Every structure is written in C-alpha cells, then in structure tokens.
Amino acid sequence: MRRIGQRVAAAVLGLTAVLLTAAAPAAAAAPSDDGVWFGPELDWGDDGPDGYRGRLGEQPAMYSVRLSYPLDARALSEWQRAATQVAGQGAALVLTLEPSVDLDDLTDDDAAALNSRLESYRSQYDAVQLVRFAPEMNGSWVSWGQQPTAYVRAFERMAEAVHAGSSQAETVWSPSYAAGYPFERADGRLDSVTTRDRLTLDTDRDGLITEADDPYGPYFPDADAVDRVGLSMYYFGKGEAAAAAGRDVPLETNSAPDDGEVAARFDESWGYAAGQRTSFYDRFADAENKPMLLDTGALYDSDREGDTELAVKQGWWRQVLGELPDHPLLTGVTWLEVVREEAEAGGQVVDWRATADGDLAGSLRADLDAAGLIRWGPVTTVITSEQASAATVQVRQGGAEPTDEMNGITGSAAVLAVAFLASGIVGRALPKWRYDDSSASRDLRIDMLRGFIIVVVVVTQIEVTSPFAYASLKAIGVITGAELFVLLSGIVLGMAFPAAIARGGEWAAALAAWGRARTHYLAALAVTLLVFAIGFIPFIDATAITTFTDRGTGDGGRVYDLYPNAERLLDYPPPWYAVRQLLLLEMGPWPFNIMGLFVVLSLAYPALMWLIKRKMWWLVLALSWGVYAVHDLAPDALRLPSQFDAVFPLALWQVLFTHGLVIGFYRRQIVRALTSIPGKIGTGVFVVGYAGFLVYLWAGQAYGFTPVPFPADLYGSLYESGYQRIFLEWGRLIDLPLVIVCSYAVLTVAWKPLVKSMGWLWIPLGQASLYVFIVHVFLVLAVANIPGLDRGSLWQGTLIHSVVIGLILFMVRKRFLFSVIPR
C-alpha cells in the first residue's frame with residue numbers, strides 16, 4: 001500500500017510540475033514612449049506573429065500584410081487572421097493594398113467597404129492601422145505602375161473614405177527607390193502609357209521619359225490625402241549600382257552591400273547616372289512634414305557562393321539603422337520576412353528572412369537594441385487569448401439588471417424551500433412514490449439531475465429564444481449548468497471508486513481512472529481539430545464557435561479568436577508554439593472549453609481518492625479550500641495557460657469537484673446523517689433560513705422598509721458582491737447546496753411520478769452526459785449555419801431546441817458512435 005501511495009504522490013508531483021511550468025508567464029516588454037517602430041512583412045500563409053516574436057526574442061511594434069483590393073473573400077479572411085493575431089501582441093498593422101483590377105475600375109463603394117472594415121477593427125481591437133495603397137506605383141513590375149493620373153485619383157478616393165471614417169487609420173504613399181527609373185528595360189510598360197500620362201511623366205519636357213524625369217512627383221497625391229510617406233528600398237545583392245533596378249540581371253553570387261550604399265540611397269545618388277537634385281526624404285518627408293515608413297530587406301540565395309548570409313543581411317540592416325539618427329522623420333521600418341521567387345534575381349528562389357536562423361535573429365535583435373532608437377511593442381491594446389476565453393463566460397450570464405437577477409435568485413430559493421418542506425409531507429403521505437435506494441454503486445437520482453443539467457447546458461449554448469432557454473436561465477437561480485455538472489461528476493466518480501477497487505484493486509482502479517483521463521484528453525484534442533477541419537468545408541462558417549463576439553459591445557463588438565495559431569498546425573513541420581498551444585488546450589471551440597477542466601481533474605482523481613479512502617477527506621477539503629483561498633488572494637499565482645482556466649479557473653472550480661468526490665464516497669453516511677432527526681432539523685434550518693433571509697431582504701427592497709439588523713441597501717448590492725454568474729463567489733457556493741439538497745429530497749419522495757414524466761429523457765442523457773456534451777458542440781455549429789434563422793423568434797427557437805434535444809436522445813438510445821465517442 002505504501003508503494004501505491006508513493007506512485008500516486010509521484011504522479012501528482014509530476015503533473016504539478018508540468019502544469020506550473022506551462023503556466024509560467026512570459027516577461028512582458030516595457031515599451032518606450034517614442035522611437036522607431038520595427039516589424040516584419042510576413043508570409044502569413046507560412047508564418048505568424050507569435051512565431052516571429054519567438055524567433056526575434058522581442059515584441060515588434062508592427063506587422064505588414066498584403067491584401068488584394070477591392071477586398072474579396074480571401075483578402076477579408078487574411079485581414080481577419082492578421083488583425084486578430086496582431087491584436088494579441090498589441091502591434092500596429094500595415095495593410096498593403098494591391099489592386100486586382102484597373103485603377104479606373106476602383107469605386108467609391110470599394111473605398112467605403114475598406115473603411116467599414118477599418119472601423120470595425122478599430123472598434124474591436126483598438127487597432128492601429130496604416131493603409132499602404134498600391135505601393136511602388138512608379139515601377140513597371142506592378143499592374144498599377146506608371147499610371148500617374150489614375151493612381152492619384154484612386155489614392156485620393158481611398159484616402160477620402162478613410163479620413164471621413166472613425167478608424168483613425170493613416171494612409172501611406174510609398175513609391176519604390178527610383179534608381180533605374182523609368183525601368184523600361186524590365187517590362188516595356190511605357191509603350192502603353194496614355195498621352196496624358198506621357199505628358200505628366202515627361203517632367204523635363206524633352207518629349208521622352210528617361211532617367212532625367214522626376215521619378216516621384218507625378219505620382220504624389222494631394223498632400224492632405226497622405227498621412228505618411230514611404231519608400232521601398234531593397235538590397236538585391238547584385239553588386240554594381242547600375243544593375244540594381246533591372247529584373248533581367250540574374251543573381252550570380254551573394255555579396256555584402258558596399259559601405260555607404262544606404263546613405264547614398266537616402267541622398268538619392270546611388271544607382272543614378274546623374275543624381276537627383278533633391279532626395280525623397282527631403283522632398284516628401286521633411287518638406288511635407290510627413291512621418292516616413294521604410295520597407296526594406298536583403299536577399300540571400302543559399303545555393304550561391306559568396307559572402308555569408310550574416311554578412312549580407314547584417315551589412316544591410318546596420319546601414320539602415322545607421323541612418324535613423326540623421327532622418328528623425330523615419331518612424332517605421334518593415335523588414336521583408338519571406339522566401340519567394342524573385343524576378344529581380346532572375347526568377348530564383350531567395351531568402352529575405354532575418355530571423356529564420358537563430359544566430360542571425362540574435363544578431364538582428366542585438367543590433368536593433370544597440371541602435372537605441374527602436375520602440376518595441378505593444379503600441380496599442382493587447383487582446384490576449386486569456387481575454388478571448390474569458391469572454392465566453394457571457395453565454396452563462398442572465399443579461400438582466402442586477403436587481404432583476406437577484407429577484408430571480410430569491411424567487412428560486414423560495415420555491416426550492418417550499419418544495420423541500422412539501423417533500424416531507426409527500427414522503428409521509430405517499431411512501432409508494434419513494435426512490436428505492438438499494439443500489440450500492442448507482443443512484444438514478446444523480447443520473448436524473450445530470451440529465452437535467454446537460455439539457456440546460458445544451459439549451460444555454462444553442463442561443464435561440466424559447467421556453468427552454470428561459471427555464472435554463474431561471475429554473476435553478478444563480479446556479480448555471482456548469483457548477484452542477486462539475487459537482488455531480490465528482491459525486492458520480494466518488495460513488496464509483498469503491499466498486500472499481502472491488503473489481504481489480506486500488507492500483508487497477510487508479511490506472512483505469514488515468515485511462516479515462518487520457519480518453520478525455522484525446523477527445524478534447526479530437527474535437528478541437530475536427531472543428532478546425534470543418535472550418536475549411538465550403539459553405540460552413542465555423543467561426544460561430546471558433547471565435548466569440550463580446551456581447552457588451554453589440555454586433556460590431558470585439559471578436560475574439562479562440563484558435564490562436566491554429567493554421568500554423570498545417571505547416572510542415574508545424575512550429576512548436578502552435579503544437580504546444582494545441583497540446584495544452586489553449587485553443588478550441590467555446591462550447592467545449594470546460595472539457596479541459598475535466599481532463600485536469602481526472603488526472604488528480606486517483607490521488608484524491610487515495611486520501612479520501614483512508615479517511616483523510618478533511619485533508620482533501622482543507623487543501624481544496626487552501627487552493628481556493630490562494631486564487632482569491634492572488635488570482636494569477638495558480639493560473640494555467642489552457643483555454644478553460646480563463647473561464648473555469650482550476651483553482652476555484654476544483655472545490656466543487658473535491659466536495660463531489662467526498663459526497664459520492666460517503667453518500668450513504670451523508671444521507672443517513674441528513675435524514676436523522678438532527679440532520680432534518682439542521683437541513684431545514686439551512687434551507688428555510690437561507691430562503692427566508694433572501695425573501696426578507698427582498699421585501700425590504702420592494703416595500704421600502706429597512707430589514708433590520710441589515711442595512712437598507714444590502715439587497716441591492718448582493719448580486720454584485722456574491723452572486724454574479726460569471727464568478728464562483730460565496731453566494732453561488734451557498735446556493736449550490738440549496739439546489740442539490742432540495743432537488744435530491746424532491747426526487748427521493750416523488751421519484752415514481754417524476755421518473756414517469758421526465759425520466760425517459762433525463763436518465764439516458766444523464767448516463768451519457770459526456771457523450772451528449774461532445775455531440776452538442778457540433779449541433780451548436782449546425783444551428784449557427786442554418787440560413788435565415790431568426791434567433792429572436794419564439795417559434796423558431798422552440799423548434800430548434802426541441803429538434804436538437806430529440807436528436808440527441810435518439811442518438812443516445814441508438815448508441816450512435818458509442819464505440820468512438822466517450823460517455
């Protein structure tokens with residue numbers, strides 16, 4: 001027996017170490033008040049902000065994403081993904097809009113749709129957004145290039161809509177560094193230039209468009225339409241300056257940049273046969289008093305000989321950083337962090353990334369810090385995954401005013417007290433109705449309660465209007481289905497453990513319990529991944545359960561992503577940070593988030609029962625309340641990273657489970673004690689006294705008298721101080737035994753009529769409650785995808801709830817997929 005105890009203790013200590021390690025919070029960066037923003041332009045299909053931050057070892061101030069414009073479904077999806085992920089770091093987002101149609105075909109409606117989405121993300125995430133419209137428009141390699149008239153008109157149309165909106169987004173005008181202009185060697189685009197544009201581009205009026213013409217001015221919109229100016233300045237590693245602007249020159253070797261190249265570019269002298277009279281910075285940043293954004297990067301081809309990747313890329317970024325002190329209006333730098341075919345390198349696949357290699361990333365981070373001018377993030381509100389998970393608790397909120405909620409709680413307590421008193425009369429008058437409590441390991445009253453509760457859970461999470469929904473919120477007062485679900489699960493497990501020991505011994509019972517925990521964990525992973533996969537099916541919108549909209553801000557409120565970095569799981573190989581988030585259940589559909597709590601509680605179950613069986617229930621409860629108290633005093637001390645812990649903190653909710661285990665194991669002794677004369681008196685005093693206390697306070701509020709010896713305003717403050725549905729507070733903990741005791745008493749004395757009326761539904765569902773809970777996730781998703789559903793319609797909601805409950809009952813009776821889905 002001592003050996004068993006040692007093994008159990010070792011298992012518990014090991015589990016505790018793993019959980020505490022996973023829960024250790026990362027150190028947060030303290031942003032400075034000013035400085036230059038730095039961040040990457042990612043390949044969002046293969047990379048994400050969390051991965052980049054992990055590689056760099058610091059929090060960037062901004063990220064950049066390219067979107068097709070006008071916004072189509074793919075662009076909207078990419079923007080949504082980028083916005084939610086960037087919001088998780090409190091970073092700014094640079095939106096590079098790439099026109100997919102002719103510039104003249106861009107409309108006011110397109111600009112209005114853009115502005116609407118900008119406003120939405122500003123409202124949802126307090127997003128800082130920079131709109132970089134059709135960059136490099138002076139180049140010949142983009143479809144919108146070298147069309148100054150249409151470009152200026154399209155830019156100003158876009159800017160007018162953005163500036164008229166409430167998003168506070170800033171517009172960015174960003175041509176390409178112009179050495180080699182007009183780049184006719186590359187595409188010959190000048191052959192199709194209109195007469196009007198030809199006159200506009202011929203700034204020296206010699207009848208030709210040559211390097212002597214202004215490469216920037218013809219494309220500059222009205223200054224009021226431009227909030228920031230930008231410049232694309234990339235290092236293509238082709239050596240001599242004359243080759244820098246032509247895509248027809250292949251990359252031969254990797255070569256580090258010459259000293260002073262970036263400074264010469266800022267002076268507008270590098271790569272020109274004859275330097276420009278005024279630099280881009282002086283003309284458009286300094287003279288126009290516009291902050292400047294620099295898009296930059298240096299490519300490297302690992303298949304080529306020459307200088308090392310560090311020499312090439314560090315040589316470039318050090319020169320860029322070296323120019324910051326002399327260009328104070330240069331307030332942002334984005335680095336191209338992608339691998340792609342590059343026309344400028346003869347169509348070769350090249351690597352622009354500065355963080356793919358650990359040593360390279362470390363050098364970048366060190367040089368950025370050494371510059372002394374870089375501002376790290378966050379630069380705006382951080383929307384964390386913990387906030388996302390915590391927001392889902394709103395599903396269980398009543399939605400009424402605190403006083404109205406308190407009135408419902410008081411009314412429910414009064415009804416339960418009356419039912420409890422009536423149960424004593426019924427028990428004496430109609431003894432044939434009583435429950436036959438002869439089974440040692442199964443109590444159908446518990447199954448009946450579990451069935452009722454799982455129906456409440458299903459109805460609550462399929463959010464439509466119906467009598468079922470009203471009853472689910474009001475029938476059991478302040479208690480929600482979650483509390484009873486956890487408590488009753490503990491009771492059932494406490495009852496089942498002696499029978500498991502009898503079948504194979506204590507160690508076999510512990511192994512079987514851990515096997516169930518493993519099953520629960522695998523089920524949680526399977527549901528999480530299956531819902532994610534369903535999201536890729538056309539015409540199915542999985543965001544109904546993979547995201548959550550803050551109810552307090554209306555339809556346009558903050559939208560939380562509950563699947564952080566899930567798409568990174570599709571990478572090969574998937575990055576560890578995404579795998580870790582999956583394995584620690586940091587992602588998943590909101591109707592399923594309590595499952596993680598059961599996984600952890602199931603792991604602790606054998607150790608707790610080992611103590612309880614040895615009559616150390618008092619130690620279990622003492623430890624349980626100690627953990628509860630620690631969380632109350634220091635809420636972050638015992639937090640886990642798992643999604644469930646933000647909604648159902650393990651440190652709080654374990655107190656229900658541990659009490660359930662004790663109650664279940666000592667059920668017969670507890671029932672005997674409560675049904676003895678002193679027990680009946682004590683229980684009656686609690687039930688009637690508690691309900692009477694609430695009714696007395698309610699009467700004082702309703703009829704305008706002071707309920708002495710209590711203060712006059714006590715009733716009005718009760719809900720906020722102890723009964724809110726979103727916290728496991730003292731009021732809810734008192735209400736819980738009231739509900740259990742009264743319900744159990746009524747079921748005991750009126751079992752036969754109750755089982756005939758509702759046992760056909762509640763008992764089978766209660767005995768397969770885990771199965772029902774898993775299945776209901778997909779039914780929530782199915783209902784969310786019913787076209788034209790009016791969630792406020794009483795008849796539609798009643799029909800939906802009836803069909804769902806009927807379907808679940810049918811599946812349980814037919815044992816549908818019982819061999820696959822745990823029960």
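Which residues in helix H26 (residues 714-723) are buried? They are Leu714, Tyr715, Leu718, Tyr719, Gly722 and Tyr723. Here, buried means under 20% relative accessible area, exposed means over 50%, and partly exposed lies in between (1.4 Å probe, protein chains only). This is a predicted model, in which local features need pLDDT of at least 70, side-chain atom pairs count only at pLDDT 80 or more, and totals for chains, interfaces and linings use all residues. Residues are numbered from 1 along each chain as its sequence is written, and side-chain values use heavy atoms, with hydrogens and water left out.

**Helix H26**

- Helices (H or I, at least four residues) and strands (E, at least two) are DSSP runs, numbered from the N terminus.
- Seen down the axis of H26, the buried residues fall within an arc of 145 degrees, so they line one face of the helix. That arc is taken from the directions from the helix axis to the C-beta atoms.
- An α-helix has 3.6 residues a turn, so residues three or four places apart point the same way.
- The buried residues of H26 pack against helix H13 (402-429), helix H25 (677-703) and helix H27 (730-749).

- Five of the five residues of S4 are buried, so the strand is largely enclosed by the rest of the structure.
- Gln129, Val131 and Phe133 cover one side, while Leu130 and Arg132 are on the other.
- S4 pairs with strand S3 (residues 92-99) in the parallel sense over five bridges; two strands pair if DSSP finds at least two bridges between them.
- From S3, the chain crosses through helix H4 (residues 108-125) to S4 in a right-handed β-α-β crossover. Right-handed means that, with the strands pointing away from the viewer, the path from the first strand over the helix to the second runs clockwise.
- Strand S5 (residues 170-173) also runs parallel to S4, joined by three bridges, and S4, helix H5 (residues 148-164) and S5 make a right-handed β-α-β unit.

**A look at Arg132**

- Arg132 lies in S4 (residues 129-133) and counts as buried because its relative accessibility is 0%.
- Its bridge partners are Thr96 and, in S5, Val172.
- The side chain of Arg132 makes a polar contact with the side chain of Asp295 at 2.9 Å. A polar contact is a pair of N or O atoms within 3.5 Å; within protein, one must be able to donate a hydrogen and the other to accept it, and residues adjacent in sequence count only if both atoms are side-chain atoms.

Terms used:
Contact means heavy atoms within 4.5 Å.
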